[in-house]
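Here is a short note to read alongside the model. Keep the viewer open and look up each element as you meet it.

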Amino acid sequence: MADFLVFEGVSKHYGEIRAVDSVSLSINKGEIFSLLGPSGCGKTTLLRCCAGFEAPDAGRIILDGRDITGLPPHERKVNTVFQNYALFPHLTIRDNIAFGPRMARWTKGEIDKEVARMLELIQMEDYADRKVTEISGGQKQRVAIARALINRPQVLLLDEPLAALDLKLRQRMLVELDAIHDEVGITFVYVTHDQGEAMGISDRIAAMNRGRIEQIGRPVEIYEAPRSSFVAAFIGDTNFFDGIVTEVMDGPYCRLRIEGFPDVLAWNDKGLLPGNAVHLSLRPEKFKIWRELPEPLPNRNLVQGTVEDVIYLGSHTKYWVRVEDYRLGLHQQHSRYLLDTRPITWGEKVWLSWFADDSCMLERYKAEDENLLVLPDTEAEPARA
Amino acid sequence: MKRSRVPFYTTLAVLVFFYLPLIILSVNSFNDSRYGGPWNGFTVRWYVRLFQDRQIWHALQNTLVIAVGATVVSMVVGTMAAFALNRYRSRLQMTHYGMIYAPLIVPDILMGMSLLLFFVALNVKLGLFTIFLAHVTFCVSYVAMVVLSRLQDFDFSLMEAAQDLGASHWTAFRRVMLPLIMPGIAAGGLLAFTLSLDDFVVTFFVAGPGSTTLPIHIYSMMKHGAPAVINALSVILLLVTFVLVSASRTIREKLS
């Protein structure tokens with residue numbers, strides 16, 4: 001069901017700061033929807049408006065056809081998993097989970113049955129009578145989820161739920177969260193600054209920046225077809241080019257002239273005409289690196305450069321390659337056994353190839369977004385000798 | 001290497017300095033001599049005299065009434081003051097903090113004098129009620145400071161969590177916040193109770209006829225010469241304090 005949870009022009013200002021700036025979006029029933037963005041982008045404020053902890057200055061929030069904008073938190077069929085879990089330290093695990101049902105005055109038998117079911121869902125039957133201080137971070141996380149889910153909310157809000165956990169545990173909890181979602185089928189709104197989490201768990205993602213939504217789409221759309229330089233740089237890594245269309249071809253492709261770089265062929269899905277200025281994003285893994293000049297293929301770009309830096313990361317290697325005025329970052333996967341080969345290393349002259357279809361033209365470009373990139377991190381250092 | 005004996009002797013000296021007076025006092029309370037001094041033989045007559053002295057019991061009753069009253073009122077008012085200090089932001093907040101903090105550092109004698117002048121100016125009859133008011137003024141500050149430090153550690157997202165789970169603001173306060181800050185309020189109350197119980201200076205200024213408290217009565221007994229009875233009283237107070245402190249300890253250990 002579409003339009004289950006709808007934000008209509010929601011704004012929230014703190015003095016001069018526009019934390020949330022007329023955001024409109026629509027979330028479907030049963031999906032995992034992520035609000036993804038850097039800290040301070042307004043994603044948590046938007047979530048708190050939905051939970052009822054903040055009142056929007058403008059706009060409406062509609063849940064299942066009902067305007068909930070003015071309702072206090074305890075009258076919304078919405079529950080929250082807090083970033084620091086916010087478990088009640090004076091209560092046991094069991095009493096924490098039973099808090100909501102007790103507030104709703106369920107019968108004792110019903111509470112006992114549901115708490116037992118929740119403990120089973122989060123696999124913590126043996127910990128029911130422990131205190132909150134006696135369990136680990138991952139267990140607290142699970143209790144916080146159970147405490148929210150037992151109330152059978154229409155929407156579960158998760159505010160950076162995995163931020164306090166270490167990497168391995170985070171990955172495991174992500175899988176568990178996904179499993180819990182499959183089991184209960186409730187709509188999840190998931191707030192995170194971690195693109196990996198968002199990509200991994202979401203049906204759809206809203207990428208947020210400075211209180212506004214930059215793009216909404218499935219993870220693959222957000223990654224492969226970013227609309228703005230912010231989305232391209234914040235989600236994954238990329239290489240940016242500024243160019244001018246010089247020639248339009250069928251396909252649709254176009255030829256770009258880029259200052260300080262050889263002419264390239266690009267995918268022209270926007271139907272731009274010669275003379276238009278263009279910003280191009282090219283993901284690091286779209287390149288292929290060659291020692292020898294490869295045979296030319298239609299619609300494949302080929303440029304020559306020099307390797308400036310190499311970082312070997314096991315499953316793949318990161319290369320920084322100088323091509324005229326540009327320093328490109330790229331990843332090479334190692335699908336073959338590496339010890340029997342002679343890997344490309346720094347100082348070598350190499351060929352880079354990529355297909356014109358794999359580049360993406362951006363609608364909006366801001367130079368400051370390049371600061372979000374991780375790739376050119378070694379630019380300032382001299383090449384290691 | 002030989003361990004230094006300095007810590008041992010320092011400890012010993014401190015213990016002697018602290019406890020020798022108490023031991024002498026306890027021994028003298030059984031000494032059959034009016035002014036202490038040389039041992040004249042064992043007696044319990046000072047204890048008998050103590051229990052027959054109706055003035056002492058009256059003074060004790062006054063003291064307890066004032067202490068309990070001042071404690072209860074300052075627990076409520078002090079907690080509210082701590083909330084106001086912790087939760088609200090205004091330009092007057094520093095002034096507010098200063099006003100609550102002041103009674104902790106203003107000399108008692110100044111407090112007593114100013115309160116006396118205040119009551120006289122308003123034409124309030126001096127007595128138990130004025131003592132009670134005077135005690136509340138300084139007890140509130142202690143309670144507020146203790147509760148405030150507890151509040152500064154309090155995670156207010158717990159309140160949001162409770163409301164998120166269907167509790168109204170008041171229920172969230174009662175079911176989540178109050179149990180968690182209660183130890184702070186209780187500690188503040190205990191502090192207020194002890195302070196009120198043995199306050200002399202402020203009480204001396206604002207007491208009126210017929211409102212003698214125990215510390216003031218003890219002082220006048222010293223002046224009018226019944227030190228042996230005071231010794232007996234002191235020993236009993238010591239014992240009561242000891243029992244109360246150990247009881248509160250045991251209870252706290254059992255609770256946690």
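1. **How to read the model.** This is a predicted model, in which local features need pLDDT of at least 70, side-chain atom pairs count only at pLDDT 80 or more, and totals for chains, interfaces and linings use all residues. Residues are numbered from 1 along each chain as its sequence is written, while chains are lettered from A and ligands numbered from 1 in the order in which they are written.

2. **Confidence.** The predictor's confidence in each residue is its pLDDT, on a scale from 0 to 100. For chain B the average is 88, and 98% of the residues reach at least 70. The model's scores are ipTM 0.79 and pTM 0.79.

3. **A sheet in chain A.** Look for six strands in an open sheet of chain A, ordered β6-β7-β8-β3-β9-β10, with mixed pairing. Helices (H or I, at least four residues) and strands (E, at least two) are DSSP runs, numbered from the N terminus, and two strands pair if DSSP finds at least two bridges between them. At the edges are β6 and β10 (212-217) of chain A, each pairing on one side only. From one strand to the next, the twist averages 20°.

4. **One strand pair up close.** β6(A) pairs with β7 (residues 155-159) of chain A in the parallel sense, over four bridges. Here A:Asn79 stands opposite A:Leu156 of β7(A).

5. **Where the chains meet.** How many residues of chain A are in contact with chain B? There are 18, and they touch 15 residues of chain B; contact means that C-beta atoms, placed from the backbone, lie within 7 Å. On the chain A side, β6 (78-81) and α3 (99-103) each supply at least two residues, and α3(A) gives the largest share, with three.

6. **Two helices in chain B.** Now find α6 (residues 128-152) and α8 (residues 169-197) of chain B, whose axes come within 8 Å and cross at roughly 155°. Axes are lines fitted to C-alpha atoms, for helices over the stretch in contact, and angles run from 0 to 180 degrees between N-to-C directions. α6(B) and α8(B) are therefore roughly antiparallel to each other, a label for angles over 145 degrees. Residues making the contact include B:Phe138 and B:Tyr142 of α6(B), and B:Ile185 and B:Leu191 of α8(B).

Note on methods. Parallel < 35°, antiparallel > 145°, perpendicular 65-115°, else oblique. Contact = placed C-beta atoms within 7 Å.
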